[in-house]
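This report goes through one protein model, from its overall make-up to single residues. Please keep the sequence and the structure at hand while reading.

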Amino acid sequence: MTDVVAESPGRGGRRSILGTVAPAEAPADAVRWSRFLPATEAEGPGVRAAVWLQGCAVHCPECFNPQLWAPRGGIVTAPDELARAWVAEAVARGAEGVTLLGGEPFEQAWGAASLARAFREAGLGVMTFSGHPYGLLQGWADGGRDDIAALLDATDLLCDGPYLRDLPDTGRPWVGSRNQGIRALTGRYAPEVRAIAADGGADRVEVRIARDGTVAVNGWATDAALAALFDDLGVRADSPAQVAAADRGRTRVEAVR
């Protein structure tokens, strides 16, 4: 059983059925992922790497990353191959941890746990996002889902629960709605979680504009705020059309047409 050391628990949303179906167990020898950043300040405490996994069956309305719902697409790689390269890049960029998000990490729990353990072994902390409530994740783990238990055991900081657009949360960082919990499963991020529980915190959004004009965004913001921010900036580099275009060697302009 994974204990909670400190938490800012979710409020409301108990009638929602989003995230209440246990994810299927995926193979342990592959991870399907969409994006990796070796350093960001918008996806958890401090400077940290971030991994966006591909595939999510929770399907929260107005999800920030609906392009990551599809179980196909992305890049499929053995987790040990990814871990060696990603840990090295993260350490070189001064990251103190890694964040697993997506997508739904617990739909690839074995592979995500392998990545998490590799970062842990390098002395980095692990933060995991999930659209499943913590109580259900813990129940599934206790009921024999060893893959879910492995990822919980390798996680220092968990943000859990589906995004519910009718319960917007503007008083805490990292989460989008009030029902979502922020829980320290080890002592590593317990002070940050206690501070959030007491005083709240602010979200961050990072915008990256490449030399060819493509725009990539990470962090959290409302659709209205993003619309105002991105007016005239162009299309997201991580949209399905852009990823497919890159795979076929087409330019961004060709993909927009």
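**Basis and overall picture**

This is a predicted model, in which local features need pLDDT of at least 70 and side-chain atom pairs count only at pLDDT 80 or more, while totals for chains, interfaces and linings use all residues. Residues are numbered from 1 along each chain as its sequence is written, and side-chain values use heavy atoms, with hydrogens and water left out.

The average pLDDT (the predictor's confidence in each residue, from 0 to 100) is 89 for the protein, and 83% of the residues score at least 70. In residues 251-257 pLDDT stays under 50. For that stretch the model has 12 contacts (heavy atoms within 4.5 Å) beyond four places in sequence.

The protein has 8 helices and 10 strands. Both kinds of element are DSSP runs numbered from the N terminus, helices being H or I with at least four residues and strands being E with at least two. Of the 257 residues, 50% count as buried. Buried means under 20% relative accessible area, exposed means over 50%, and partly exposed lies in between, using a 1.4 Å probe and protein chains only. Contacts between residues at least 6 apart in sequence join residues at least 24 apart in 70% of cases.

β5 pairs with β3 in the parallel sense over 6 bridges; two strands pair if DSSP finds at least two bridges between them. In this pairing, Arg48 stands opposite Gly97 in β5. β5 also pairs in the parallel sense with strand β6 (residues 125-130), over 4 bridges. There, Thr99 stands opposite Met127 in β6.

**Salt bridges**

Side chains of opposite charge can pair when their charged atoms come close. A salt bridge is counted when a side-chain nitrogen of Lys or Arg is within 4 Å of a carboxyl oxygen of Asp or Glu.

| Glu62 | Arg165 | 3.4 Å |

Glu62 and Arg165 meet in a salt bridge. This pair links distant parts of the chain, 103 residues apart: Glu62 is in the loop between β3 (48-53) and β4 (75-77), and Arg165 is in the loop between β7 and β8 (181-184). Glu62 is partly exposed at 44% relative accessible area, and Arg165 is partly exposed at 44%.

Asp160 is buried, with a relative accessible area of 3%, and Arg183 is buried, with 12%. Salt bridges that share partners join Glu7, Asp160 and Arg183 into one network.

The place of Asp160 in β7 is within residues 157-160. Not counting residues up to four places away in sequence, Asp160 touches Ser130, His132, Pro133, Tyr134, Gln180, Gly181, Ile182 and Arg183.

**Backbone details**

Most residues other than glycine have a negative phi, and most peptide bonds are trans. The peptide bond from Gly102 to Gly103 is cis, with omega near 15°. Gly103 is in the loop between β5 and α2.

His59 is not a glycine, yet has a positive phi of about 60°. His59 lies in the loop between β3 and β4 and is partly exposed, with a relative accessible area of 38%.

Trp174, also not a glycine, has a positive phi of about 80°. Trp174 is in the loop between β7 and β8 and counts as buried at 16% relative accessibility.
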